[in-house]
Amino acid sequence: MSEVMYRQYIGEPDLPHVMALVQNELSEPYVIYTFRYFLHQWPHLSFLAYPSDASNSDPIGVIVCKQSMHRDIYNRGYIAMLSVDKAWRKRGIASALVRNSIDAMKEEGVEQIVLETEYDNHAALSLYESLGFIREKRLYRFYLNGKDAFRLVLSVPTDEATRMAKRANVYRAIQVSDYSDDDDDSVSSR
């Protein structure tokens with residue numbers, strides 16, 4: 001069995017490889033702008049897998065993610081795309097890609113990670129559930145092909161100090177200077 005190397009997305013030269021892997025393996029059609037939306041804003045959260053032998057320079061797996069504040073309350077990660085070449089499956093590549101992205105999101109203070117997958121994609125459901133994701137709800141006719149999806153959620157524990165610091169920032173008060181009308185020579189008409 002060949003060893004696999006992982007690295008972060010580095011830019012436009014990687015884009016055709018990412019697109020090819022996703023388009024060959026996933027049912028949902030994505031346009032180049034969708035890829036660029038994720039990859040240009042969050043390149044540090046996307047990873048590619050390569051065989052370690054020099055005979056194959058094309059990636060064999062990819063994960064594309066994002067991370068942002070959700071409803072201005074908590075830091076949410078999102079796994080948009082995960083794809084591994086059929087010939088390279090059942091070797092732990094998808095698990096490693098997901099773990100790499102989760103670790104990168106943790107460095108940015110993620111509190112929750114979500115994704116959707118087809119309701120009958122038992123391999124994906126098994127993978128994500130083995131990593132601690134739980135099924136939040138079923139989304140009917142979610143995909144363009146008419147299939148339902150499950151939304152999966154992973155709660156990422158944070159330490160108490162981090163949680164308290166975030167709460168302090170959520171409810172910041174603005175500083176108001178003392179008001180005095182001593183300097184006001186004019187009388188208000190109200």
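Tutor: What follows starts with the whole chain, goes on to the pocket, and then takes up the elements of its lining and some loops.

The model is predicted, so local features need pLDDT of at least 70 and side-chain atom pairs count only at pLDDT 80 or more, while totals for chains, interfaces and linings use all residues. Residues are numbered from 1 along each chain as its sequence is written, and side-chain values use heavy atoms, with hydrogens and water left out.

The protein has 5 helices and 7 strands. These are DSSP runs numbered from the N terminus: helices are H or I with at least four residues, and strands are E with at least two. Along the sequence their order is β-α-α-β-β-β-α-β-α-β-β-α. Of the 190 residues, 42% are buried; buried means under 20% relative accessible area, exposed over 50%, and partly exposed in between, with a 1.4 Å probe and protein chains only.

Now the pocket. A pocket is an open set of points, on a 1 Å grid over the protein atoms alone, where a 1.4 Å probe fits, with protein on both sides within 12 Å along at least five of seven lines; lining residues have an atom within 4 Å of a point. The volume of the largest pocket is about 900 Å³, counted as the space filled by probe spheres set on the points, which are joined across faces, edges and corners. Its lining consists of 35 residues, and those nearest the centre are Leu26, Leu82, Asn121, Ala123 and Ala124. Two or more lining residues come from each of strand 4 (74-84), helix 3 (93-107), strand 5 (112-118) and helix 4 (122-130). Strand 4 gives the largest share, 7 residues. By type, the lining has 19 nonpolar, 8 polar and 8 charged residues. Here Ala, Val, Leu, Ile, Met, Phe, Trp, Tyr, Cys and Pro count as nonpolar, Asp, Glu, Lys and Arg as charged, and the others, Gly among them, as polar.

Two of these contributors, strand 4 and strand 5, run parallel and are joined by 4 bridges. Isoleucine 79 stands opposite leucine 115 of strand 5. Strand 5 is largely enclosed by the rest of the structure, because 7 of its 7 residues are buried. Gln112, Val114, Glu116 and Glu118 point one way from this strand, and Ile113, Leu115 and Thr117 point the other way.

Both strands belong to an open sheet of 7 strands with mixed pairing, in the order 1-2-3-4-5-7-6; strands pair if DSSP finds at least two bridges between them. Strand 1 (4-8) and strand 6 are at the edges with a single partner strand each, so one side of each has no neighbour in the sheet. Neighbouring strands are turned against each other by 25 degrees on average, direction ignored; the axes are lines fitted to C-alpha atoms, and angles run from 0 to 180 degrees between N-to-C directions. Elsewhere in the sheet, strand 2 (47-51) and strand 3 (61-70) pair in the antiparallel sense over 3 bridges, and phenylalanine 47 has isoleucine 63 of strand 3 as its bridge partner.

Helix 3, another contributor to the lining, has 15 residues and spans 21 Å from its first C-alpha to its last, close to the expected 21 Å. The expected span is 1.5 Å times one less than the number of residues. Its buried residues include Ile93, Leu97, Ser101 and Met105. An α-helix has 3.6 residues a turn, so residues three or four places apart point the same way. Glycine 109, which follows helix 3, has a positive phi near 80 degrees.

The loop between strand 4 and helix 3 holds lysine 86 and lysine 90. Lysine 86 counts as exposed because its relative accessibility is 58%. Its C-alpha is 8.7 Å from that of isoleucine 60, 26 residues away in sequence. Lysine 90 is exposed at 82%, and its phi is positive, near 65 degrees. Most residues other than glycine have a negative phi.

Arginine 141, in the loop between strand 6 (134-139) and strand 7 (149-155), also has a positive phi, near 50 degrees, and is exposed at 63%. By contrast, glutamate 28, in the loop between helix 1 (15-25) and helix 2 (32-41), is buried at 16%. Its C-alpha is 6.8 Å from that of leucine 144, 116 residues apart along the chain.
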